[in-house]
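Here is a short briefing for a reader who is meeting this structure for the first time. Please look over the sequence and the structure, and then read the points grouped below.

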Amino acid sequence: SKYDEGGKWLLEALRGGDVDVNYMPSHVAMDHFPYTVEELKQYDAILLSDVGANTFLLPLATFEKSEVRPNRLEVMRQYVEAGGGLVMVGGYMSFSGIDGKARYAGTPVAEVLPVNCLTADDRVECPDGVVPQVQLADHAVLAGVPDKWPHFLGYNRLLPKDGSEVIITVDNDPF
């Protein structure tokens, strides 16, 4: 078994673009991710990647001592509805995730995502690599993004919510 964090390149890119990043791996976020909307307001956005819903729902005080704590998924929903940004990056513990263990379907966070999460394993493994196809090249979210996309070795299968725009796809799936 090996512990590894795959965010190195993303963190380097963000920090290289003068983005101030407060990085918390899952085992740190479990107890140190903010518990209130006011605490979250110091940030422009939350970026979730490979961190399951239970990390936020079951801090050690709740899990080990049965202490009541705020539902941080609800806190994130309120933060987004108040204008805060939210990005969920795919991975084994994003959206529904491996064996459905990320468990965001039906949560307050899922309410503010532009996609519907599946309730079962949503992974699409692509060991041969897939290259996403841009559908809406002029969309504001792609401003400054290079035209050429790298290959990916997999993604999470999601369903677009009614009224959402599918900007990028792999096959017919939103990316």
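Valine 87 is partly exposed, with a relative accessible area of 39%, where buried means under 20%, exposed over 50% and partly exposed in between (1.4 Å probe, protein chains only). The model is a predicted one, in which local features need pLDDT of at least 70 and side-chain atom pairs count only at pLDDT 80 or more, while totals for chains, interfaces and linings use all residues. Residues are numbered from 1 along each chain as its sequence is written, and side-chain values use heavy atoms, with hydrogens and water left out.

- Valine 87 belongs to strand S2 (residues 85-89), and strands here are DSSP runs (E) of at least two residues, helices runs (H or I) of at least four, both numbered from the N terminus.
- Tyrosine 104, in the loop between S2 and helix H7 (108-112), is buried with a relative accessible area of 0%.
- A polar atom of the tyrosine 104 side chain lies 2.5 Å from the backbone oxygen of valine 51.

**Helix H4**
- Threonine 55 is placed in helix H4 (residues 53-57) and is buried, at a relative accessible area of 14%.
- Leaving aside residues up to four places away in sequence, threonine 55 touches Ser26, Ala29, Met30 and Arg72, a contact being heavy atoms within 4.5 Å.

**The open sheet**
- An open sheet is formed by 3 strands in the order S5-S8-S9, with antiparallel pairing; two strands pair if DSSP finds at least two bridges between them.
- Strand S5 (133-134) and strand S9 (173-174) are the edge strands, each pairing on one side only.
- Strand S5 is joined to strand S8 (residues 168-170) by 2 bridges, and glutamine 133 has threonine 169 as its bridge partner in S8.

**Salt bridges**
- The count comes to 9 salt bridges, each defined as a side-chain nitrogen of Lys or Arg within 4 Å of a carboxyl oxygen of Asp or Glu.
- Arginine 157 and aspartate 173 meet through their side chains in a salt bridge (3.0 Å, N to O).
- Because arginine 157 lies in the loop between strand S6 (152-156) and strand S7 (159-160) and aspartate 173 in strand S9, this pair ties together parts that are 16 residues apart in sequence.
- Arginine 157 is partly exposed at 35% relative accessibility, whereas aspartate 173 is buried at 13%.
- Glu74, Arg77, Glu81 and Glu111 are linked in a network of salt bridges.

Notes:
Polar contact = N/O pair within 3.5 Å; in protein donor to acceptor, adjacent residues only side chain to side chain.
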